Amino acid sequence: KYPLPSKATEQVQYVDLIAELRCMPGVEFLFTKSIGIDGVVSVFSCFSEALISISGTDGENMKLVYSVVVGEDPFNYPDKIFKKKSSAGKISKAMTKKEWLDATYTSGFPYAVPRIQEIFAGGQVGEMVLTAKNFFDLGTKDYEAFTKNNRGAHGGIRKDQMIVPMIISGPKVKAGKVIQTATNEQFGATIVDLLDVPLSPLAEK
């Protein structure tokens, strides 16, 4: 719950922002840091809830687990990614980022689990992130719930926002080669390599 000062009574009231926002018209998903559990992110839709947690070491070998804990799977992922299903929910296999990309790139929310984990792990957001339903924009002046200044929207996690075809041609590129999946970071690293520019050790290869 979050404090909300009342101008009328000069008393602080507490509002359950998750309950207020998760079913707001135009909101598709609400993501929050899980209170008291480091590295865990909660995923809320209006009627369902899931958790994203870390299993294994950091870096390339880090694996992520996606657990549906309330209602249906918010991302509607295929059954093949889940190793355990019960009345209490569904738990995915522990998978690396590459495995998540390969397992979900044909779904409605490709690579969503690693991308959401990265957003919070990077420390560039606060405690909560919202994404808009199709045909809504949380950054438009007439809709944005809080600041009304066109600063709230920057893409999303739906397939039509995540999947971008890319074509490369050049002397160091094998003709006719097709790579089914790659992240923007990997694409950028590939361009840097083709141009013989020194690659940062933090970049994904």
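Predicted model: local features only at pLDDT ≥ 70, side-chain atom pairs only at ≥ 80, totals over all residues.
**Aromatic rings and a buried glutamine**

The charged end of Lys-90 lies over the ring of Phe-82, at 4.5 Å from the ring centre. Ring pairs join Phe-82 with Phe-29, Phe-31, Tyr-66, Phe-75, Tyr-77, Trp-100 and Phe-109 in a cluster.

In the model, 10 aromatic pairs are counted. One of them brings together Phe-29 and Phe-109, whose ring centres are 5.1 Å apart; their planes stand at 80 degrees, over the 60 degrees required, so the pair is edge-to-face. Phe-29 and Phe-109 are both buried.

Tyr-66 and Phe-75 make an aromatic pair of the stacked kind, with 5.4 Å from centre to centre and 10 degrees between the planes. Tyr-66 has a relative accessible area of 0% and is therefore buried. Phe-75 counts as buried too, because its relative accessibility is 1%, where the cut-off is under 20%.

With a relative accessibility of 7%, Gln-117 counts as buried. Which residues is Gln-117 in contact with, leaving aside its neighbours within four places in sequence? They are Ile-52, Ile-54, Met-62, Leu-64 and Lys-97.

Note on methods
Residues numbered from 1 in each chain as written. Heavy atoms only, no water. Phe/Tyr/Trp six-rings, centres within 6.5 Å; stacked < 30°, edge-to-face > 60°. Buried < 20%, exposed > 50% of the residue type's maximum accessible area, 1.4 Å probe, protein only. Lys NZ or Arg CZ within 6 Å of the ring centre and 35° of its normal. Contact = heavy atoms within 4.5 Å.
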